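Welcome, and thank you for taking a look at this one. Here is a short briefing to read alongside the sequence and the 3D view.

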Amino acid sequence: MTLRLVFVGPPGAGKGTQAKVICQKWKIPQISTGDMLREAKANGTLPQELVQKMASGGLVPDEAVIELIRARTEKEDAANGFLLDGFPRTVPQAEALNKLLESRGQKLDIVVALDVPKELLMERACLRRTDKRTGQIYHLKYKPPPPDADLEHRADDHEDVVRNRLDTYEKMTADLLPFYEKAGLLKRIDGVGDVEEVTKRVVGALEQVKRLS
Ligand code: AP5
């Protein structure tokens, strides 16, 4: 069974956390443009102007992420589907994705939007820590890391940058949800509650869409 889906949501909504569970369950790769950009930065291959864009909480240019997605979704492990985490974020990115999939005779099954109120997002992002060795996402309050974790605090998870990222999300993504709603692909999920509770809601939506297809 194939499954091609998109996770949309503001910074700290839980896209990465939920993506890991869903990808394990459906045996599809998690394709996160944020992770790919951070990896390129760590390798020293990300152009300086893009490093600065990310550090300030802005979006990198559409062409840069579209190319990353084109190349990554072509790989063999994505043949039976994938979960796009944090892409597309703008209507031009969504249109480019449609074109790309059409050229391969593929289409999206569903776009999951995780809804979380702004007041929770700041706390979720600022107290996030990631284990450098495993990529596991922790939270100092809601999911405390084990004592032997090798923790990293993301450079863009400081309060002033998170605020900018939230503003950017609101401005740049405003047209994206109506775009997918019009296409009949949008499913809004309440992202408030325990991680397991939110997972159940997402799994329910995916099972429903696959049953109907
Ligand atoms: P990216 O890495 O995509 O960041 P983001 O979209 O801002 O999302 P986050 O990773 O911050 O949050 P998340 O929703 O994954 O939350 P998580 O699961 O970690 O992008 C970074 C930057 O790259 C962008 O600012 C931009 O510059 C650039 N970029 C990326 N894609 C781009 C694109 N397409 N176009 C242009 N530029 C792009 O959870 C957060 C915390 O909350 C964790 O600590 C977690 O443990 C906790 N948590 C999760 N769920 C729950 C829950 N249910 N209850 C309690 N705590 C929870």
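Leaving out residues up to four places away in sequence, Thr168 touches Gly57, Gly58, Leu59 and Thr173. Thr168 belongs to helix H7 and is buried, because its relative accessible area of 15% is under the 20% cut-off. Please keep in mind that this is a predicted model.

**Helix H7 and its partner H6**

- Helix H7 covers residues 159-173 and packs with helix H6, residues 118-126, at an angle of about 135°, their axes being 10 Å apart.
- That angle makes H6 oblique to H7, and the crossing of the two is right-handed.
- On the H6 side, the residues that meet H7 are Lys118, Leu121, Met122, Ala125 and Cys126.
- On the H7 side, the partners are Glu159, Val162, Arg163, Leu166, Asp167 and Glu170.
- Sorted by class, this contact of H6 with H7 holds 6 nonpolar and 5 charged residues, with no polar ones.

**Helices H4 and H5**

- The axes of H4 and H5 come within 10 Å of each other and cross at roughly 30°.
- This makes H4 roughly parallel to H5, since an angle under 35 degrees counts that way.
- The crossing of H4 and H5 is right-handed.
- H4 brings Asp62, Val65, Ile66, Ile69, Arg70 and Thr73 to the contact, where they meet Pro92, Gln93, Ala96, Leu97 and Leu100 of H5.
- By class, the contact of H4 with H5 divides into 7 nonpolar, 2 polar and 2 charged residues.

**The nonpolar cores**

- Which residues of the largest nonpolar core touch the most other members? Of its 30 residues, they are Ile69, Leu84, Leu97, Leu108, Val111 and Tyr180.
- Several elements supply at least two residues each to this core: strands S1 (3-8), S3 and S4 (110-115), together with helices H2 (33-43), H3 (48-56), H4 (62-73), H5 and H8 (176-182).
- H5 gives the largest share of this core, 4 residues.
- Leu97 is in contact with Val6, Ile69, Leu84, Phe87, Pro88, Leu108 and Tyr180, leaving aside neighbours within four places in sequence.
- There is also a second, separate core of 26 residues, and among its members are Ile28, Met122, Leu166 and Ala205.

**Backbone details worth a look**

- Most residues other than glycine have a negative phi, and most peptide bonds are trans.
- Where does the peptide bond between Phe87 and Pro88 stand, cis or trans? The bond is cis, with omega at about -5°.
- Pro88 sits in the loop between strand S3 (81-85) and helix H5 (91-103).
- Lys27 is not a glycine, yet its phi is positive, near 55°.
- You can find Lys27 in the loop between helix H1 (15-26) and strand S2 (30-32).
- Lys27 counts as exposed because its relative accessible area is 71%, and the cut-off for exposed is over 50%.

**A loop residue and a distance**

- Tyr142 is found in the loop between strand S6 (137-139) and strand S7 (151-152).
- Is Tyr142 buried, exposed or partly exposed? Tyr142 counts as partly exposed, at 49% relative accessibility.
- How far apart are Tyr142 and Asp62? They are 80 residues apart in sequence, and their C-alpha atoms are 34 Å apart in space.

Note on methods. Residues are numbered from 1 along each chain as its sequence is written. This is a predicted model: local features need pLDDT of at least 70, side-chain atom pairs count only at pLDDT 80 or more; totals for chains, interfaces and linings use all residues. Side-chain values use heavy atoms; hydrogens and water are left out. Buried means under 20% relative accessible area, exposed over 50%, partly exposed in between (1.4 Å probe, protein chains only). Axes are lines fitted to C-alpha atoms, for helices over the stretch in contact, and angles run from 0 to 180 degrees between N-to-C directions. Angles under 35 degrees count as roughly parallel, over 145 as roughly antiparallel, 65 to 115 as roughly perpendicular and the rest as oblique. A crossing is left-handed if the near helix is turned anticlockwise from the far one by less than a right angle, and right-handed if clockwise. Contact means heavy atoms within 4.5 Å. Ala, Val, Leu, Ile, Met, Phe, Trp, Tyr, Cys and Pro count as nonpolar, Asp, Glu, Lys and Arg as charged, and the others, Gly among them, as polar. A nonpolar core is a set of buried Ala, Val, Leu, Ile, Met, Phe, Trp, Tyr and Cys residues joined through side-chain atoms within 4.5 Å.
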